[in-house]
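I opened the notebook today to look up a few packing questions, one entry at a time. Here is the model I worked from.

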Amino acid sequence: MTDHQTILGLETSCDETAAAVVRADGRVLADVVASQIDLHARYGGVVPELASRAHLRAIVPVVEEAVERVGGWDAIDAVAVTQGPGLVGALLVGVQFAKALAWARDRPLIGVDHLQGHLLACHLRHDDEAPVGPGYPYVALLVSGGHTALYRVDEPTGNTLLGQTRDDAAGEAFDKAAKLLGLGYPGGPIIDRLAKEGDAAAFDLPRPMLHRKDHDFSFSGLKTAVARIVADDEGVSRPDLAASLQGAIVEVLARKAVRCCLEEDVPRLVLGGGVAANRGLRQRAGELCAEAGLELFVPPIRSCTDNAAMIAYAGFHADGDEPVAVYSRAPNRVRGRFREDGTHIPRRAGR
Ligand code: KG4
Ligand code: ZN
């Protein structure tokens with residue numbers, strides 16, 4: 001933990017240009033997000049080169065607004081920035097800008113891992129009345145357009161990757177299915193809305209990896225299943241297919257997350273990432289957690305989707321002495337924990 005009081009965070013890893021100022025206790029003092037969704041919508045996905053250019057246009061006003069909201073630079077002790085994983089061109093805009101800011105304002109610069117931000121986002125509080133975040137340890141189900149993974153989080157700096165998707169992320173499955181159905185982008189919120197009007201039992205879609213003992217996921221088969229149904233019958237009921245698809249994705253996510261908590265003997269589950277907005281997922285996770293006697297913590301949506309407040313907060317717990325350099329993928333995709341020298345720490349015996 002650093003001894004800073006407030007950190008300005010910058011996030012440009014994908015299609016959101018964001019800046020936020022956060023206090024060490026998680027209280028968010030400013031939170032500005034410029035979304036590029038409209039820019040990418042017509043292509044049905046994020047176009048990396050367009051994202052970089054849009055970040056370049058947005059970064060100055062977004063940061064200025066965040067700094068203005070806290071009354072100027074006197075209220076900011078350090079600058080934290082997402083250095084990866086993400087789109088390299090997009091990341092570079094944030095990192096280079098943060099380097100320049102830190103140098104010009106004579107503040108320390110802290111590189112933050114985007115996933116670490118998501119894992120700690122549940123501790124952010126946007127106002128004094130907001131409930132305090134979950135205690136440690138917790139299992140985090142991180143579900144976004146780029147990631148689907150289960151982590152055990154023991155402390156702000158200590159987490160263990162327990163399982164992850166072997167192919168598409170859950171958000172990607174929603175987005176790709178929506179594209180096949182001609183529904184628009186991003187598909188998650190559209191399918192979520194349509195699913196309410198449909199019958200989830202209309203199509204018997206697979207529940208990939210549900211009965212495997214590991215904590216991994218796989219969603220690309222579902223996309224293929226949807227493609228086949230649409231190829232067979234162009235006029236298929238969109239609401240029914242949306243409801244069936246959402247039912248399949250949500251059942252696998254919620255069941256495997258709850259199983260993970262029980263196996264790890266961790267009493268609480270935290271949702272994070274854009275797919276945590278899904279009403280079906282929230283409901284099913286709520287039901288299964290209640291049955292299993294687990295606490296479920298669902299942060300407000302603005303904390304779940306990409307934002308800079310989580311990056312600022314993770315900055316308090318990051319190693320500020322490391323050089324800041326961008327990376328497109330997590331440096332180490334091997335499951336488990338690592339010592340400071342990068343060597344793998346084996347899991348405890350008996351598991
Ligand atoms: O975390 P996020 O904003 O960005 C990253 O991918 O990092 O997540 C975006 C993803 C998209 O795939 C979008 O379709 C999905 O989250 N999403 C949803 C819902 N809202 C957003 N998926 C299902 N149901 C939703 N209500
Ligand atoms: Zn993200």
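**Entry on helix α6**

I began with what covers the buried residues of α6, and the cover includes α5 (170–180), α8 and α9 (279–292). I take "buried" as under 20% relative accessible area, exposed as over 50% and partly exposed as in between, with a 1.4 Å probe and protein chains only. Covering here rests on contact, meaning heavy atoms within 4.5 Å. For element names I use DSSP runs, helices being H or I of at least four residues and strands E of at least two, numbered from the N terminus.

This is a predicted model, where local features need pLDDT of at least 70, side-chain atom pairs count only at pLDDT 80 or more, and totals for chains, interfaces and linings use all residues. Residues are numbered from 1 along each chain as its sequence is written, chains are lettered from A and ligands numbered from 1 in the order in which they are written, and side-chain values use heavy atoms, with hydrogens and water left out.

Why do I call α6 largely enclosed by the rest of the structure? Of its 9 residues, 7 are buried, so the rest of the structure largely encloses α6. I listed the buried ones as Gly-187, Gly-188, Ile-190, Ile-191, Asp-192, Leu-194 and Ala-195.

**Entry on α6 against α8**

Next I checked how α6 (residues 187–195) meets α8 (residues 238–264): their axes come within 8 Å and cross at roughly 110°. The axes are lines fitted to C-alpha atoms, for helices over the stretch in contact, and angles run from 0 to 180 degrees between N-to-C directions. The two helices are therefore roughly perpendicular to each other. My angle classes are under 35 degrees for roughly parallel, over 145 for roughly antiparallel, 65 to 115 for roughly perpendicular, and oblique for the rest.

On the α6 side I found Ile-191, Asp-192, Leu-194 and Ala-195, which meet Arg-238, Pro-239, Ala-242, Ala-243, Leu-245 and Gln-246 of α8. By class, this contact has 7 nonpolar, 1 polar and 2 charged residues. I count Ala, Val, Leu, Ile, Met, Phe, Trp, Tyr, Cys and Pro as nonpolar, Asp, Glu, Lys and Arg as charged, and the others, Gly among them, as polar.

**Entry on α5 against α8**

How do the axes of α5 and α8 cross? They come within 11 Å and cross at roughly 175°, so I noted α5 and α8 as roughly antiparallel to each other. Ala-170, Ala-173, Phe-174 and Ala-177 in α5 meet Leu-245, Gln-246, Ile-249 and Leu-253 in α8. This contact divides into 7 nonpolar, 1 polar and no charged residues.

I jotted a reminder here: an α-helix has 3.6 residues a turn, so residues three or four places apart point the same way.

**Entry on the sheet**

I then followed the open sheet, where 5 strands run in the order β3-β2-β1-β4-β5 with mixed pairing. At the edges stand β3 (28–35) and β5 (109–113), each with a single partner strand, so one side of each has no neighbour in the sheet. From one strand to the next the twist averages 20°. Strands count as paired if DSSP finds at least two bridges between them.

- β1 (residues 6–11) and β4 (residues 78–84) run parallel, joined by 4 bridges; Leu-8 has Val-79 in β4 as its bridge partner.
- Helix α2 (residues 48–69) packs on the sheet and touches β1, β2 (16–23) and β3, its direction making about 20° with that of β2.
- Helix α3 (residues 88–105) also packs on the sheet, touching β1, β4 and β5, at about 160° to the direction of β4.
- β2 and β3 are antiparallel over 7 bridges, with Ala-18 opposite Val-33 in β3.
- The hairpin of β2 and β3 has 4 residues between the strands, and there Gly-26 takes a positive phi near 95°.
- β4 and β5 run parallel, joined by 5 bridges, and Val-81 stands opposite Gly-111 in β5.
- β5 is mostly covered, with 4 of its 5 residues buried.

**Entry on Gln-116 and the cysteines**

Is Gln-116 buried or exposed? I found Gln-116 in helix α4 (residues 114–120), and at 17% relative accessibility Gln-116 counts as buried. Beyond its neighbours within four places in sequence, Gln-116 is in contact with Pro-156, Thr-157, Asn-159 and Ala-314.

Last, I looked for disulfides, taken as a pair of cysteine sulfur atoms within 2.5 Å, and the count is 0. Cys-122 is in no disulfide, its nearest cysteine sulfur being that of Cys-304 at 9.1 Å. Cys-122 counts as buried at 3% relative accessibility, and Cys-304 counts as buried at 1%.
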